[in-house]
Amino acid sequence: MPASRLTRFFYRVLFYLLVLAVFIYLVFPFYWAVVSSLKSPQALFQTPVTYWPSPPRWQNYLDVFTMQPFGRNLLNSAIVAGATTLIALLFGSFAAYALGRFRFAGKRPLYYAILSVSMFPQISVLGGMYVLIKALGLYNTWWALIFSYMIFTLPFTVWVLTSFVREIPVELEEAAYVDGATPLQTLFRVLLPLMAPGLVTAGLLAFIGAWNEFLFALTFTVDDRARTVPVAIAFFSGASQYELPWAQIMAASVIVTVPLIVLVLVFQQRIIAGLTAGAVKG
Amino acid sequence: MAQRLSLSARRARIAWAFLAPAVLVLLAVAAYPLFRTFQLSLFRANLLDYPLRPEWVGLANYAYMVRDLYWWTSVKNTVIFTVASVGLETVLGLGIALLVNARFPLRGAMRTAMLIPWAIPTVVSAQMWRWMYNDVYGVVNDLLLRAHLIAKPLAWLADPHLVLPAIIAVDVWKTTPFMALLLLAGLQSIPEELYEASRVDGASGAQQFWFITLPLLVPALLVALIFRTLDALRVFDVIYVMSGVNPSTMSMSVYARQQLVDFGDLGYGSALSTGIFFIIALFVVLYLSVLRVEVD
């Protein structure tokens, strides 16, 4: 019947319009950051607002590195997030092996204790952590951040990896044991290769978490020796207090977001699996 | 000696050896600082003193906290922020999850787009939106003016009545996709046969939603809700970057950090931190008791 086909067509159009609206809602702010990052000061501060940078001013991207210590901030962020991820994965896979494979008294309470640490509000340890970091002489260094970031990366890593270890068939390890392998050899030679997808998932989420962290970075660093990208972007300053260098801020925003978007594009499935494993499966 | 231990005792020893690094690190970065913060909340101390010269004051910091109007303002702001943002995210997230659960071309692109707000650092998204909210050159005012939804540009971040809603809108933008992904995973675990059977029985789409989708989505919904609530209660980044320490927006975390770091009041700041800890611990207990059903 033509009438029902017409309604079906109408619903179809409505559906795609809705999809389009959601898509624009999700992506527009990032589009706007890109457009603003390519505008000249005149185009940026002009009304009415223009929706396309013509001509694009690539100079803004160079200014980020010459007029701000942004290269240093990027280096700090890369080192802090990289080291945090590696340490969390190493200690996390040890712990996941124990929790996923061994029976022992106190396992369940320990599992819950580790889990609950990941839900700590960071503010609740801020005072004690500050005093500790000062006492250890780590203030304003990469280590202050790597150390403190363990509080949110390690529990999560243990959690995700434990669920992966549980899914690996036990027979493979038993064969290794029969051949006389020690538990450590079994972990490194048999389990870790099989856990690769889990390591990628947990590693990505740990890296993104550390790359984006703000409160500790803000509190445990004072200058560009250890200051990471989020703090730098929050504090970008221009010629005067009232003239924020918006084009540079947007250029820096795009620079730190693009690698994350590439990671997300490449590892979409893994990230979604990790997020839903973390929150839904427990 | 080792041979006399039973197999299970030997296995337990190995397990603890593997757990040792993670457990020791967590004791150092979580348990100890938490304990130290509790302890410092009973003293008066200045953050900048080194070594610290703490002076015992008992519960005086807590007594002050109960009467501190700024603290209660920050509690009020946090509650408004949490209820509004988590509520909106749930409704919008459910809508988006239902939309993306349908089969259509470019669905993959849509799922990728959903991860973009999630992957952008909170500080970066806060700065992006700060620029979009600019009262003179901002795109938000421009779009609303073009659509004739407002008559003149609004000062989103300067008007004390608008600034908290404006920040909530940023949080909703950033975390709705995350909510949608969690709910999508829940939707995809609902067996297709249920829908087929109900279609045979002549159920309408709305009936299917109310009697199949929603009830079966409750566990995923509940977990996502508590997860997001915990996150919203400790909110810091987006509020701090968009409006600094400002009574009309400051959350509990923003206020506690100001006392602790900016004012160097280690004792009172620690008391505030401890207060936040207990408020959130309540929700963690709730969260774990919901999860308990699902862990082996």
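Helix H7(A) and helix H10(A) cross in a right-handed way (the near helix is turned clockwise from the far one by less than a right angle; helices are DSSP runs of H or I of at least four residues, numbered from the N terminus). This is a predicted model, where local features need pLDDT of at least 70, side-chain atom pairs count only at pLDDT 80 or more, and totals for chains, interfaces and linings use all residues. Residues are numbered from 1 along each chain as its sequence is written, with chains lettered from A and ligands numbered from 1 in the order in which they are written.

The axes of H7 (residues 142–167) and H10 (residues 196–212) of chain A come within 9 Å and cross at roughly 165 degrees; axes are lines fitted to C-alpha atoms over the stretch in contact, with angles from 0 to 180 degrees between N-to-C directions. That makes H7(A) roughly antiparallel to H10(A) (angles over 145 degrees). Among the residues meeting here are A:Phe152 and A:Phe156 from H7(A), and A:Leu205 and A:Gly209 from H10(A); contact needs C-beta atoms, placed from the backbone, within 7 Å. This contact has ten nonpolar, five polar and no charged residues (Ala, Val, Leu, Ile, Met, Phe, Trp, Tyr, Cys and Pro are nonpolar, Asp, Glu, Lys and Arg charged, and the others, Gly among them, polar).

Between chains, 80 residues of chain A touch 83 residues of chain B. On the chain A side, helix H13 (residues 246–281) gives the largest share, 18 residues, and the tally by class is 61 nonpolar, 16 polar and three charged.

Technical notes:
Helix = DSSP H or I, 4+ residues; strand = E, 2+ residues; numbered from the N terminus. Parallel < 35°, antiparallel > 145°, perpendicular 65-115°, else oblique. Contact = placed C-beta atoms within 7 Å.
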